[in-house]
Amino acid sequence: MDVPALSLLAVATGLLAVIAVIWMYFFFNRQFKQLDDTVRYQKEHIDTLQLEINDLENQNGEMQTRSMVQGKHMRELADQCTQLENQLREVKSQDPSMRLYTRAAELVKAGADVEEVMQACDLPRAEAELLISMHRQRG
């Protein structure tokens with residue numbers, strides 16, 4: 001090969017190399033931009049998710065607080081019910097007639113007949129029969 005052909009070949013090879021470098025520059029530049037966009041999108045998505053996590057943690061904390069307050073109110077209501085039941089027992093035990101009827105009801109539940117209820121509680125026959133009749137209707 002002669003010198004002009006070699007120099008033309010060298011220039012062509014150099015030109016191809018320059019074109020390849022330029023093409024690689026633009027190709028990788030586009031790839032880096034896409035990667036940068038993807039990273040930016042992922043960061044934004046992470047930030048959004050973090051905000052949602054914080055919001056859910058706050059909601060969870062509020063629900064736990066509400067649950068504790070409700071539990072406290074439930075305990076207070078249970079205590080009030082217990083107090084009312086105790087007061088009701090006291091009232092029943094203080095009223096002599098109620099004690100007789102309570103005793104009569106216990107006897108009826110235990111299976112006592114009319115005569116046993118009349119004798120044990122000093123009740124008239126009609127009241128003893130009524131108690132027995134009422135107990136049998138419930139049972």
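**Salt bridges and helix burial in the predicted model**

The side chains of Arg125 and Glu129 form a salt bridge with an N to O distance of 3.7 Å, a salt bridge being a side-chain nitrogen of Lys or Arg within 4 Å of a carboxyl oxygen of Asp or Glu. The structure is a predicted model, in which local features need pLDDT of at least 70 and side-chain atom pairs count only at pLDDT 80 or more, while totals for chains, interfaces and linings use all residues. Residues are numbered from 1 along each chain as its sequence is written, and side-chain values use heavy atoms, with hydrogens and water left out.

Arg125 and Glu129 both belong to helix α4 (residues 125–138), where helices (H or I, at least four residues) and strands (E, at least two) are DSSP runs numbered from the N terminus. The two residues are four positions apart, about one turn of the helix. Arg125 is partly exposed at 39% relative accessibility; in this scheme, buried means under 20% relative accessible area, exposed over 50%, and partly exposed in between (1.4 Å probe, protein chains only). Glu129 is likewise partly exposed, with a relative accessible area of 39%.

Elsewhere, salt bridges with shared partners link Asp36, Asp37 and Arg40 into one network. Within it, the side chains of Asp37 and Arg40 meet at 3.0 Å, N to O. Both residues lie in helix α1 (residues 3–94), three residues apart, which is about one turn of the helix. Asp37 has a relative accessible area of 42% and is partly exposed; Arg40, at 42% relative accessibility, also counts as partly exposed.

Helix α1 also contains Glu62 and Arg66, four residues apart, or about one turn. These two residues form a salt bridge in which the closest N and O atoms are 3.7 Å apart. Glu62 is partly exposed at 45% relative accessibility, and Arg66 is partly exposed at 48%. By the distance rule, the count comes to five salt bridges. In general, side chains of opposite charge can pair when their charged atoms come close.

Burial was examined in helix α3 (residues 114–121), whose buried residues are Val114, Val117, Met118 and Cys121. These residues lie on the same side of α3 because they cover an arc of only 100 degrees around the axis, the arc being that of the directions from the helix axis to the C-beta atoms. Just after α3, Asp122 adopts a positive phi of about 55 degrees.
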